[in-house]
Amino acid sequence: ALYPSPAEEQVTLSNSSSIKLEAAAIYDLKGKLVSQINLQDMQSERVIDISAYATGVYMVHITGEQSSVVKRLIKK
């Protein structure tokens, strides 16, 4: 889970099912990589600072050991 959305300063990535995560890549809607975050040492939650990002919609591609998922992030 990724919350809150929309967010202003930071978002929390929650891994309640304890899946072994590897990384998160944040892209703008043009496909440009904005940030890459290593999640290998993550426990159940990780706070991500988005205060420097421009207002808009971003896609967060989270990869794990077995699978990957894309979440939408809205920056106010």
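Helices (H or I, at least four residues) and strands (E, at least two) are DSSP runs, numbered from the N terminus. With that in hand, welcome to a predicted model, where local features need pLDDT of at least 70, side-chain atom pairs count only at pLDDT 80 or more, and totals for chains, interfaces and linings use all residues. Residues are numbered from 1 along each chain as its sequence is written, and side-chain values use heavy atoms, with hydrogens and water left out. The chain has zero helices and seven strands.

**Overall fold and dimensions**

- Read from the N terminus, the elements run β-β-β-β-β-β-β.
- The chain has a radius of gyration of 12 Å, close to the 11 Å that the globule rule gives for 76 residues, so it is as compact as a globular protein of that length. Here the radius is taken over C-alpha atoms, and the rule is 2.2 Å times the number of residues to the power 0.38.
- The C-alpha trace spans about 30 × 20 × 15 Å along its principal axes.
- Contact means heavy atoms within 4.5 Å. Among contacts between residues at least 6 apart in sequence, 52% join residues at least 24 apart.

**Surface and charge**

- Of the 76 residues, 34% count as buried; the term means under 20% relative accessible area, with exposed over 50% and partly exposed in between (1.4 Å probe, protein chains only).

**The aromatic pair**

- The structure holds one aromatic pair. The ring centres of Tyr53 and Tyr58 are 5.4 Å apart and the planes stand at 50°, so the pair is tilted.
- For such a pair, ring centres of Phe, Tyr and Trp (its six-membered ring) must lie within 6.5 Å; planes under 30 degrees apart count as stacked, over 60 as edge-to-face and the rest as tilted.
- Tyr53 and Tyr58 are both buried.

**Strand E2, residue by residue**

- Gln10 belongs to strand E2 (residues 10–14) and is partly exposed, at 46% relative accessible area.
- Beyond its neighbours within four places in sequence, Gln10 is in contact with Pro4, Val47, Ile48, Asp49 and Ile50.
- Gln10 and Leu73 are 63 residues apart along the chain, and their C-alpha atoms are separated by 11 Å.
- Ser14 is also found in strand E2 and counts as buried, at 18% relative accessibility.
- Leaving aside neighbours within four places in sequence, the contacts of Ser14 are Ala1, Tyr3, Met42, Ser44 and Glu45.
- From Ser14 to Gln43 there are 29 residues in sequence and 9.0 Å in space, C-alpha to C-alpha.

**Backbone details in the loops**

- Pro4 lies in the loop between strand E1 (2–3) and E2, and the peptide bond from Tyr3 to Pro4 is cis, with omega near -10°.
- Pro6 lies in the loop between E1 and E2; the bond from Ser5 to Pro6 is cis, with omega near 10°.
- Ser18 sits in the loop between E2 and strand E3 (21–28). Although not a glycine, Ser18 has a positive phi of about 55°, and at 63% relative accessibility Ser18 counts as exposed.
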